Amino acid sequence: MTIRLLPETVVNRIAAGEVVERPAAAVKELVENSLDAGARHIDVVVRDGGQTFIAVVDDGNGMTAEELALAVERHATSKLSDDDLTNIRTLGFRGEALPSIGAVSRLTIISRTKSDGTAWTITVEGGRKGKPKPAAHPVGTRVEVRDLFFATPARLKFLKSPRTELAHVEETIQRLAMAHPEVGFTLSDGARTLIRLNPIAGDLFVARLDRLAQIMGREFAENSVAIEAERDGIRLTGHAGLPTLNRANAALQFLFVNGRPVRDRLLVGAVRGAYREFLAHDRHPLVALFLDVPPALVDVNVHPAKTEIRFRDSGLVRGLIVGALRYALAEAGHRAATTVASAALGALRPGSPPPARGGAALASTVPRGLAEAEAHYHAPLPRFDSRPSARVVADAGQEPAPADYPLGVARAQVHETYIVAQTADGIVIVDQHAAHERLTQERIKKALHAGGVPRQGLLIPEVVELDAAAVSRIVTRAAELAALGLVVEPFGAGAVVVRETPAALGEADVQGLIRDLADEFAEYEDSVALEKRLDEVCATMACHGSVRAGRRLNADEMNALLREMEATPHSGQCSHGRPTYVELKLADIAKLFGRR
Ligand code: ADP
Ligand code: MG
């Protein structure tokens, strides 16, 4: 046996295996370097998903010729000035990224500092380092990576399609951009600009929400509350979506620790706990949370990729997140409170106290607009409404007796959303949209088993814009979707076009439907047939059908809905696990009035 020290190139290639797992990881390291260098603008270009070409250009501090030569050496960093691993305030600190990338690709760096009259360039090819040479470049740094993994063919084989790798790059940049609204970002694939985020100055909450809206969607800005809380030196800020804004997966839940995007199970659990009472178990809220933790209380040196962390006291962090989220949601006025009967009773009870303020120093800032909405919510209800809020439909005399039916007889429709029915010993309130959704789902399933789902052509085919990964998830399932009545085709790189929809849906919300399906498919393994997930897929479809809240129903329509519910299995819950109706027994109502 001969033990020998491995040559540096081999060591660097081994490190590269962990540091640059795929093109997106190289982009992450390079963009982090740009952020650490104080850049205000960072432009990224990737070709072929980053496999043949990556360029990251910044206007940061730059490097001198000597610094360039050192930067590509292993374990060379400017970021650990006092060798103190418990005091890391930068994104980088391991001094591994550049030598690792250089070991497995053709790397060129051009850089210039403010005080230098000229720029310098250096190249590393498969680990072979060149010498710094003069070059022309403005202040800042340009890093180019060609033929990533050419020196490690085994890794090359594991790369996914350029489209998939590009989607990972996109996500990487979006995550970093969320934590740094003061920095502008662009991403191009060489032909098109895929991301353009201008730097946003000013108040952090405002700037951040603006940036989050650009990445997570406008509706997040409009349907979220600001979070601000602090405990034992750990500060939590960010924005949390109202429960009514929810998705089929947890992909839009983001956690940042000291400006670093991290994936941590702790977040998933804490968010689940905080929203438990507000949301069905298979729906996920949108959140972006930012922790500022004293560096000594967190360890980022867990994995070379630096996306994992360990908290000194994870219970404290979890408690902070759960507490702050719950408090903010309660403050937002239960705008999406659950509809279970007990909650309804609680709300009906006169003089219910406002939510208790926790002992911890929790504060919540409600952004403009929301503050108004909140004030409106808490304002006393007007005593007299000029419009009748309940339409009384029962036509006494010739109606069937309530005792004949479990869900009773429709007495009124209120707010064009709820049907109030009288049963033998109480009242039933039906959420007409939820109920209709459940019935539609069952109809589609039945039609499928009976040989085919009737479809209807759209007068004008609808184009739905999606990111590349979502397009490919929908397109691979096109044949299966057609069997369910939904005819979809690819439409350029970033969109699909919908030509026909299941007839049972009526006038469907096509945009929402396709987006939710794309979310859902992300959760399925490629090999799983949609038929195995029929309930979920039908549920998603039904959810975007036409009888939503807000449609007027006449007595016959309401009673027909009640009768169909009685005849349909599982109609007591809508497809998302929310109840389709609640029942209040006379005895409970009597209690409300102190009659018992
Ligand atoms: P680390 O970021 O962990 O220090 P890297 O290998 O990523 O290690 O980078 C090595 C060093 O090169 C950094 O510490 C920094 O001094 C310098 N450097 C890298 N990229 C840039 C850049 N875009 N602008 C200025 N300096 C940079
Ligand atoms: Mg680095």
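So, helix H4 gives the most to the shell around ligand 1, with three residues. H4 covers residues 97–104, and together with helix H2, residues 23–36, it's among the helices that each supply at least two residues of that shell. Helices here are DSSP runs of H or I with at least four residues, strands are runs of E with at least two, and both are numbered from the N terminus.

Quick housekeeping: this is a predicted model, where local features need pLDDT of at least 70, side-chain atom pairs count only at pLDDT 80 or more, and totals for chains, interfaces and linings use all residues. Residues are numbered from 1 along each chain as its sequence is written, chains are lettered from A and ligands numbered from 1 in the order in which they are written, and side-chain values use heavy atoms, with hydrogens and water left out.

Back to the ligand. How many residues surround ligand 1? There are 20, and the closest are Asn33, Thr77, Ser78, Lys79 and Gly95. Being near means that a residue has a heavy atom within 4 Å of the molecule or strand in question.

Now the polar contacts, meaning pairs of N or O atoms within 3.5 Å. Thr77 puts a polar side-chain atom 2.6 Å from an oxygen atom of ligand 1. Leu98 uses a polar backbone atom, 2.9 Å from a ligand oxygen, and for Ala97 a backbone N or O atom sits 3.2 Å from one. On its own, ligand 1 has 530 Å² of accessible area, and the protein covers 92% of it; those areas come from the Shrake-Rupley method with a 1.4 Å probe.

Next, strand S1, residues 41–47. Its covered face is Ile42, Val44 and Val46, while His41, Asp43, Val45 and Arg47 make up the uncovered one. S1 runs parallel to strand S8, residues 184–188, with five bridges, and His41 stands opposite Gly184 there. With strand S2, residues 53–58, S1 runs antiparallel, joined by six bridges, and Asp43 faces Val57. For strands to count as paired, DSSP has to find at least two bridges between them. In the S1–S2 hairpin, five residues lie between the strands, and Asp48 takes a positive phi near 50°.

Last stop: Thr501, in strand S26, residues 495–502. Is Thr501 buried or exposed? It's buried, because its relative accessible area is 1%, and the cut-off for buried is under 20%, with exposed over 50% and partly exposed in between (1.4 Å probe, protein chains only).

Key. Polar contact = N/O pair within 3.5 Å; in protein donor to acceptor, adjacent residues only side chain to side chain.
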